[in-house]
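Me: I have a structure to go through today and would like to ask about it piece by piece. Could you answer in plain sentences?

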Amino acid sequence: MKNKIENYLLNLIHPETNQKFISKKNIKEINIENDIKLSIELNYPSKSFNELYSKIISEGLFKLTSLKVSVTIKNKILTHKAQQGINHLSNVKNIIAIASGKGGVGKSSTAVNLALSLSDEGANVGILDADIYGPSQPLMLGVHEKPKSKDGKSMEPIMAHGIQVMSIGFLVDQETPMVWRGPIATSYLEQLLRNTQWDNLDYLIIDLPPGTGDIQLTLAQKIPVTGSIIVTTPQDIALLDARRGLKMFDKVNIPIIGIVENMATHLCSECGHEEHIFGEKGGQKMSTDYDCELLGSLPLDISIRENLDNGVPSVAKDSNSKISKIYKLIAIKAALKIAKLSEDYTNKFPNIVIQKS
């Protein structure tokens with residue numbers, strides 16, 4: 001009976017992501033007496049889905065066994081492996097890089113809404129604005145205060161809409177241009193990352209500048225990245241640059257979590273006519289060409305821009321809106337992909353100390 005129940009759980013398909021969402025290590029207890037009691041611990045955030053998961057499991061197992069089923073679902077985010085030879089930050093479990101080959105494709109708007117989506121699903125989330133030359137997260141999140149320091153050496157992240165935030169935009173005047181060469185910019189990026197007192201993050205989203213330059217190289221060589229998400233539009237020019245970004249992460253052995261296609265379609269607010277302004281199915285073609293999952297496609301929607309300009313991103317303004325639900329589904333897919341990566345056991349082994357007797 002236990003094997004029958006376990007096989008059922010392992011083959012369940014998530015109703016919206018079309019992926020298996022329970023692995024063997026997620027099943028903590030199967031207790032069979034007069035009824036069935038299950039304890040499941042998912043290693044990705046899924047607060048808004050857990051009730052649905054319980055219903056699917058209990059109804060499915062009742063049909064299978066004719067026994068009453070009670071399900072307890074908890075969430076515990078694990079630390080997953082980064083590049084070989086780079087140590088994890090002690091207070092950050094997983095780092096997700098959000099990248100694009102070129103500017104203007106909606107990378108920063110995607111980064112902040114994915115961060116808010118993961119937070120809304122119950123994870124502890126931070127976002128690092130790594131676009132040293134053009135920081136936009138302070139405006140998008142509606143925060144302009146300077147970070148505080150408790151020890152005179154490190155900085156406390158700014159809190160905005162429930163997530164921790166750090167950006168060079170908090171430290172300089174909004175209109176001051178960052179006229180820095182690559183080595184200085186990358187040095188500032190490392191300081192922003194390592195000198196910020198992140199508070200026990202499950203995920204740190206890094207909003208990268210566009211392109212494949214010094215900052216991206218520093219990220220690959222010195223910062224423990226769990227995986228990356230490539231943002232593009234369906235336009236051929238954007239896809240060409242996005243492919244370069246994807247190949248760069250592949251060369252430095254950073255897993256590609258998936259692709260997000262922005263501005264995929266436009267619905268006229270007056271007549272409802274759908275038009276593919278920037279081309280059609282470009283993200284899907286790139287996904288097929290590189291065997292990389294298309295996590296989701298977002299429309300060209302005026303509300304996304306308006307909400308960001310007002311400092312309240314779509315997911316923060318209304319987490320149940322049509323746009324927010326797309327972002328949240330992308331976030332769940334990404335979290336599921338990360339959960340399937342190898343777990344990092346570095347911090348679980350005791351330190352070996354050799355002493356003279």
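Me: Is Phe 49 buried or exposed?
Reply: Phe 49 counts as buried, because its relative accessibility is 9% and the cut-off for buried is under 20%. Please keep in mind that this is a predicted model.

Me: Which aromatic pair does Phe 49 form?
Reply: Phe 49 forms an aromatic pair with Tyr 53. The pair is stacked, with 6.0 Å from centre to centre and 20° between the planes.

Me: How many aromatic pairs does a search of the whole structure find?
Reply: The search finds two.

Me: What do the three rings form together?
Reply: Phe 21, Phe 49 and Tyr 53 form one aromatic cluster.

Me: And are Phe 21 and Tyr 53 buried or exposed?
Reply: Phe 21 counts as buried at 2% relative accessibility. Tyr 53 is also buried, with a relative accessible area of 0%.

Me: Let us stay with helix H2. Which of its residues are buried?
Reply: The buried residues of H2 are Asn 50, Tyr 53, Ile 57, Gly 60, Leu 61 and Thr 65. Seen down the helix axis, they fall within an arc of 110°, so they line one face of H2.

Me: What covers them?
Reply: The cover over the buried residues of H2 includes H1, E2 and E3.

Me: Which exposed residues are on the face turned away?
Reply: That face of H2 carries the exposed residues Glu 51 and Lys 63.

Me: How does the span of H2 agree with its number of residues?
Reply: H2 has 16 residues, which at 1.5 Å a residue should span 22 Å. The C-alpha atoms at its ends are 22 Å apart, so the two values agree.

Me: Next, the sheet with E1, E2 and E3. What is its pairing?
Reply: The three strands form an open sheet in the order E1-E2-E3, and the pairing is mixed. Strands E1 (27–32) and E3 (69–75) stand at the edges; each has a single partner strand, so one side of each is left without a neighbour in the sheet. From one strand to the next, the twist averages 10°.

Me: How many bridges join E1 to E2?
Reply: Five bridges join E1 to strand E2 (residues 36–42), and the two strands run antiparallel. As an example, Ile 27 has Ile 40 in E2 as its bridge partner.

Me: Where do the helices lie on these strands?
Reply: Helix H1 (residues 2–10) lies across E1 and E2 and runs at about 140° to E1. Helix H2 (residues 50–65) lies across E2 and E3 and runs at about 150° to E3.

Me: What about the sheet with eight strands? What is its order?
Reply: The eight strands form an open sheet in the order E6-E7-E5-E8-E4-E9-E10-E13, with mixed pairing. Its edge strands, E6 and strand E13 (294–297), each pair on one side only.

Me: Which strand does E5 join, and how do they run?
Reply: Four bridges join strand E5 (residues 125–129) to E7, and these strands run parallel. Leu 128 stands opposite Met 166 in E7. Helix H7 (residues 236–251) packs on the sheet, touching strand E4 (92–99), strand E9 (227–232) and E10, and its direction makes about 170° with that of E9.

Conventions. Residues numbered from 1 in each chain as written. Predicted model: local features only at pLDDT ≥ 70, side-chain atom pairs only at ≥ 80, totals over all residues. Heavy atoms only, no water. Pairing = 2+ DSSP bridges. Axes fitted to C-alpha atoms, helices over the stretch in contact; angles between N-to-C directions. Contact = heavy atoms within 4.5 Å. Phe/Tyr/Trp six-rings, centres within 6.5 Å; stacked < 30°, edge-to-face > 60°. Buried < 20%, exposed > 50% of the residue type's maximum accessible area, 1.4 Å probe, protein only. Expected span 1.5 Å × (residues − 1). Arc of directions from axis to C-beta.
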